[in-house]
Amino acid sequence: MPSSKLLTTSFDFQGVYPCPVCRIGKISHMPMMETMACDFCHEIFTVNLEQQQIKMPSRQPPLIWRWNGFNWTEAQLEGVELGWGYGLAAITFVVLPTILIGIVAYYFPPTADAPITWLPYIWTILTFLSHLSIIVWIFVEVYQIPVVAYLRAINRWRNGVMGR
Ligand SMILES: [Zn+2]
């Protein structure tokens with residue numbers, strides 16, 4: 001690899017860039033079109049060279065990434081700022097009910113002769129897991145993380161290892 005390639009900072013149609021969606025494949029220019037496509041998850045991006053941006057139009061609102069010279073910046077929803085407030089809300093949503101139920105379980109323990117003394121603790125864990133899974137699901141939905149593509153890749157890799 002020529003060393004000048006490493007210093008290339010601008011984003012253009014000649015280059016091959018990491019895919020910001022699956023982070024496994026490479027995106028490259030599709031001939032005759034103003035778009036780039038990933039060779040792994042087959043996601044298609046429209047390109048804005050002036051702003052060094054690519055947009056994923058297959059979902060609404062579209063996701064946008066900016067090329068910072070070395071890598072893609074965090075995905076942004078077009079017209080939506082996902083600030084730290086959302087992260088805080090997500091953490092609160094998971095942690096607060098868990099703590100509340102945990103406190104109740106701690107301060108109001110079932111009497112020793114109750115048939116199922118472990119129930120409040122299981123309940124606390126279930127609360128945590130159910131709220132966490134809701135957040136994970138929203139995250140996957142919003143960012144369109146190609147979970148299936150990952151699983152296929154892992155499968156391919158395992159088959160490759162077995163075949164050796
Ligand atoms: Zn991809």
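His-42 counts as exposed, at 58% relative accessibility; on this scale residues are buried under 20% relative accessible area, exposed over 50% and partly exposed in between, with a 1.4 Å probe and protein chains only. The residue sits in the loop between β3 and β4 (44–48), where strands (E, at least two residues) and helices (H or I, at least four) are DSSP runs numbered from the N terminus. Its phi is positive, about 60°, although His-42 is not a glycine. Met-32 also has a positive phi, near 70°, and is a residue other than glycine. Met-32 is found in the loop between β2 and β3 and counts as exposed at 82% relative accessibility.

The model is predicted: local features need pLDDT of at least 70, side-chain atom pairs count only at pLDDT 80 or more, and totals for chains, interfaces and linings use all residues. Residues are numbered from 1 along each chain as its sequence is written, and side-chain values use heavy atoms, with hydrogens and water left out.

**Overall architecture**

The protein has four helices and seven strands. From the N terminus on, these elements run α-β-β-β-β-β-β-β-α-α-α. Of its 164 residues, 27% count as buried. The accessible surface comes to about 11700 Å², with 67% of that area belonging to carbon and sulfur atoms; areas come from the Shrake-Rupley method with a 1.4 Å probe, and for residues only the protein chains shown count as cover. Among contacts between residues at least 6 apart in sequence, 35% join residues at least 24 apart, a contact meaning heavy atoms within 4.5 Å.

**The zinc site**

The zinc ion is coordinated by the SG atoms of Cys-19, Cys-22, Cys-38 and Cys-41, at 2.2 to 2.3 Å. Donors are N, O and S atoms within 2.8 Å of the metal (3.2 Å for Na, K and Ca), and sites may look incomplete because water is not among the atoms. The angles among the four donor atoms are 104 to 116°, and the site is tetrahedral. Four donors count as tetrahedral if all angles lie between 85 and 135 degrees. The ideal angle for four tetrahedral donors at a metal is 109.5 degrees.

In sequence, the donor residues are spaced C-x2-C-x15-C-x2-C. Cys-19 lies in the loop between β1 (17–18) and β2 (26–29), while Cys-38 belongs to strand β3 (residues 35–38), so this pair ties together parts that are 19 residues apart in sequence. Cys-22 counts as buried, as listed in the table below. A search of the whole structure finds zero disulfides, a disulfide being a pair of cysteine sulfur atoms within 2.5 Å.

| Buried residue | Relative accessibility |
|---|---|
| Cys-19 | 2% |
| Cys-22 | 1% |
| Cys-38 | 3% |
| Phe-11 | 2% |
| Trp-67 | 8% |
| Gln-53 | 18% |

**Aromatic pairs and the surroundings of Phe-11**

The structure holds eight aromatic pairs. Rings of Phe, Tyr and Trp (its six-membered ring) pair if their centres lie within 6.5 Å; planes under 30 degrees apart count as stacked, over 60 as edge-to-face and the rest as tilted. In one of these pairs, the ring centres of Phe-11 and Trp-67 are 6.4 Å apart and the planes stand at 35°, so the pair is tilted. This pair links distant parts of the chain, 56 residues apart: Phe-11 is in the loop between α1 (3–7) and β1, and Trp-67 is in the loop between β6 (63–66) and β7 (76–77). Phe-11 and Trp-67 also belong to one aromatic cluster with Tyr-17 and Trp-72.

Gln-53 lies in strand β5 (residues 53–56) and counts as buried at 18% relative accessibility.

**Helix α3**

Ile-138 lies in helix α3, which spans residues 119–143. Ile-138 is partly exposed, with a relative accessible area of 40%. Its C-alpha atom is separated by 9.9 Å from that of Ala-90, a residue 48 places away along the chain.

Terms used:
Tetrahedral: all angles 85-135°; square planar, octahedral: opposite > 155°, others 65-115°.
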